[in-house]
Amino acid sequence: MQRPEWAPDTIDIERPSVARMYDYYLGGSHNFAADRAAAQAMVAAVPEAPLMAQANRAFLRRAVHHLAEAGIRQYLDIGSGIPTVGNVHEIAQQLDPRSRVVYVDVDPVAVAHSREILAGNEQATVVQEDLRRPEAILAHPDVRKVLDLSQPVAVMVVAVLHFVSDDDRPAELLRTLRDALAPGSYLVLSQASDDGRSEDERAEAERVYRRTDSPLWIRSRAELTALFDGFELLDPGVVWVPQWRPDTPESAEDAERAVFMGGVGRLGG
């Protein structure tokens, strides 16, 4: 396979990447044949997969709109993936050009493309780090340069926790991030849930993602709700993402097919 000019030499373009598969679901162009094959296998197992990704991106958009209207001007988007239409900085800075955004991703392709898109945007940057290393994220000089952690920050952990195993203690990772935040900060969280899914669908989805660099860890609504420990959940709580403050009642129909559950919590104090 010929390596595109935009692909860093350090990446294996023969192995599927979850970030590039997600880009494919969203109609992006920053993916390789191996990513498309894995994504198509996922679609064969769960035909709604692209719609799920799009519903999750719409949830992110609505959440950022709500937070911007609540006065939030700082965003830390962890596991941000490859930039595509509807990113956090596009939404937040359209509402207030002073909004500051730091993207964090472990995938070098996602980081490389983020740097290209953010070139010249002094209010936004990207760092290559892993959610499993929250202390390193918080201490990163580029994070500290763009964000003032003494003021409220919205931490976005959207469509990434299902790639974090229970052995990596996701609750502890989020607690480390929470403890570094100022009162009035927010947590925006979503991940794949198996509520309402058949065992066959779950097993096939997990089988597909075992081919990638990030196997799948699916959690229940109760498990996801518990990850908001220390935050006050905003209405309507943890729900299928189309049900979180939908633009229209019709857009929340058949929400259980969205697979992603999500919610938004506020840190009091």
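Contact here means heavy atoms within 4.5 Å. The model shown in these close-ups is predicted.

**View 1. Glu-129 in the loop between strand E3 and helix H6.** Strand E3 spans 124–128 and helix H6 spans 134–139, with Glu-129 in the loop between them. Glu-129 touches Val-104, Asp-105, Val-106, Ala-136 and Ile-137, leaving out residues up to four places away in sequence. The Glu-129 side chain also makes a polar contact with the side chain of Arg-133, at 2.7 Å. Glu-129 counts as buried because its relative accessibility is 13%, and buried means under 20%.

**View 2. Helix H3 crossing helix H4.** The axes of H3 (residues 49–69) and H4 (residues 88–95) come within 10 Å. They cross at roughly 30°. The crossing is right-handed. H3 contributes Leu-60, Arg-61, Val-64, His-65 and Ala-68 to the contact. H4 contributes Val-88, Ile-91, Ala-92 and Leu-95. These contact residues divide into 7 nonpolar, 1 polar and 1 charged.

**View 3. The largest nonpolar core.** This core has 47 residues. Leu-67, Tyr-75, Met-156 and Val-264 have the most contacts inside it. Helix H3 gives the most to this core, with 10 residues.

**View 4. The surroundings of Val-264.** Neighbours within four places in sequence are left aside.

Terms used. Residues numbered from 1 in each chain as written. Predicted model: local features only at pLDDT ≥ 70, side-chain atom pairs only at ≥ 80, totals over all residues. Heavy atoms only, no water. Helix = DSSP H or I, 4+ residues; strand = E, 2+ residues; numbered from the N terminus. Buried < 20%, exposed > 50% of the residue type's maximum accessible area, 1.4 Å probe, protein only. Polar contact = N/O pair within 3.5 Å; in protein donor to acceptor, adjacent residues only side chain to side chain. Axes fitted to C-alpha atoms, helices over the stretch in contact; angles between N-to-C directions. Left-handed = near helix turned anticlockwise from the far one by under 90°. Nonpolar A, V, L, I, M, F, W, Y, C, P; charged D, E, K, R; others polar. Core = buried A, V, L, I, M, F, W, Y, C linked by side-chain atoms within 4.5 Å.
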